[in-house]
Amino acid sequence: MRYVVIGAGAVGGTIGGRLAGAGQEVVLVARGAHHAALRDHGLRLRVPEGELTYRLPVVDGPDALGALRADDVLLLAVKTQDSLDALRAWGPAPVAGGGTAAERLPLVCAQNGVESQRLALRHFRRVLGVCVWLPSTYVEPGVVSAAGSPLTGILHLGRHPHGTGETARRIAADLEKAHFEAPVVPDVARWQYAKLLANLGNALEALCGPVADERAAAFFGRVRAEGAAVLDAAGIAYASAEEQRAVRGDKVTLVPLDGVPRGGGSSWQSLVRGTGTIEADYLNGEIVLLGRLHGVPAPLNELLRRLADSYARERRAAGSLPLDDLLALEREAVARA
């Protein structure tokens, strides 16, 4: 199979680079300065064993690639807020022998949250979800890093909305040759919702900086508890913390990398890069949506969603909201709720 990585940033670039290093055929899809750097200098992947460079085909969209192959796998790794544009661009792309990508090819959603695969199923017949446990960073155009060791990441995958299948098993086999563990599970959403609870802290980190003291950790505990209460009310199952620890163990331990400053998660990186958008609508916002549907207040997640959106839109600096100010806003939000 050939992998077409739509969104070759931190997650997509790492998966694409690792697959290429394991002998798989990979095409990268990127835009702007990142596209130019990948085209001119190759993908530079910084990992614990050093910096690896992969000269791979790079395109900025389906037209530049031409007809897709019947053995292609489309791996969607853009941020959720960019998913719809990608799906509309790649769904109608022709496949050699007839038909379109949406009709014939598997689409693998390697993204945070749960919304992208629901969007994808409106366009693509064959959608697979991935629970992405992959600490990675977009360092600069053409350069991504992944500090996990001995494994680069753990990627639970399965069909959406449920099931496994031969395609999932073949993809998993390729990933497991490429420094990943890739369990194929019939209930991948259960792992994704567990990851969603952890990702509710992404906006907190982006706004106030690393969750490094007791007050910040306690605030995140309240945000996560609110999220768990909403999922419980909605009847949505999620893997327990104990189950996650048993699977992950010490398989993905972060190692300091030369030339890679320690950064934050995906939302932090969005503010640092000044992209103007952030994933909070599909992380904290998912809890807000479910809370409204099931009659459970979620004022803390609503607060984080609103603030993160504002900071991204106004291109404010990552970590620039004092924690005391956030805690004061928490009190007001809870009182209103």
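Predicted model: local features only at pLDDT ≥ 70, side-chain atom pairs only at ≥ 80, totals over all residues.
## Around serine 267

Leaving aside residues up to four places away in sequence, serine 267 touches Asn202, Ala203, Ala206, Ile278 and Glu279. Serine 267 sits in helix α12, which spans residues 266-273. Is serine 267 buried or exposed? With a relative accessible area of 1%, it counts as buried, because the cut-off for that is under 20%.

Helix packing comes next. Two packed helices are described by the angle between their axes and the distance between those axes.

Start with α8 (residues 188-199) and α10 (residues 214-234): their axes come within 9 Å and cross at roughly 150 degrees. That makes α8 roughly antiparallel to α10, since angles over 145 degrees go into that class. As for handedness, α8 passes α10 in a right-handed crossing. On the α8 side the contact uses Tyr193, Leu197 and Ala198, and these meet Phe220, Arg224, Gly227, Ala228 and Leu231 in α10. Sorted by class, the residues of this contact are 6 nonpolar, 1 polar and 1 charged.

## α10 against α13

Now take α10 with α13. The two pack at an angle of about 45 degrees, and their axes are 9 Å apart. That makes α10 oblique to α13, and the crossing is left-handed. From α10 come Val223, Gly227, Val230, Leu231, Ala233 and Ala234, which meet Asn284, Ile287, Leu290, Gly291 and His294 in α13.

## α10 against α14

What angle do the axes of α10 and α14 make where they cross? Roughly 110 degrees, with the axes coming within 8 Å. The two helices are therefore roughly perpendicular to each other. Phe219, Arg222, Val223, Glu226 and Gly227 of α10 make this contact with Pro299, Leu300, Asn301 and Leu304 of α14. By class, that gives 5 nonpolar, 2 polar and 2 charged residues.

Helix α13 (residues 284-294) has Asn284, Gly285, Glu286, Ile287, Val288, Leu290 and Gly291 buried. What covers these buried residues? The cover includes α6 (115-121), α8, α9 (202-208), α10 and α14 (299-313). Just after α13, glycine 295 takes a positive phi of about 70 degrees.

Helix α7 (residues 166-176) has its own buried set: Ala168, Ile171, Ala172, Asp174 and Leu175. Seen down the axis of α7, these buried residues fall within an arc of 160 degrees, so they line one face of the helix.

A few backbone spots deserve a look, because most residues other than glycine have a negative phi, and most peptide bonds are trans.

One joins serine 149 and proline 150, with omega about 0 degrees, and proline 150 is in strand β11 (residues 148-150). The other runs from histidine 160 to proline 161, where omega is near 10 degrees. Proline 161 lies in the loop between β12 (153-159) and α7.

Histidine 179 has a phi near 75 degrees and is found in the loop between α7 and β13 (180-181). Its relative accessibility is 36%, so histidine 179 counts as partly exposed. Arginine 315 has a positive phi of about 55 degrees, although it isn't a glycine. You'll find arginine 315 in the loop between α14 and α15 (323-336). How accessible is arginine 315, buried or exposed? Exposed, at 54% relative accessibility, because the cut-off for that class is over 50%.

Definitions and conventions. Residues numbered from 1 in each chain as written. Heavy atoms only, no water. Buried < 20%, exposed > 50% of the residue type's maximum accessible area, 1.4 Å probe, protein only. Helix = DSSP H or I, 4+ residues; strand = E, 2+ residues; numbered from the N terminus. Arc of directions from axis to C-beta. Axes fitted to C-alpha atoms, helices over the stretch in contact; angles between N-to-C directions. Parallel < 35°, antiparallel > 145°, perpendicular 65-115°, else oblique. Left-handed = near helix turned anticlockwise from the far one by under 90°. Contact = heavy atoms within 4.5 Å. Nonpolar A, V, L, I, M, F, W, Y, C, P; charged D, E, K, R; others polar.
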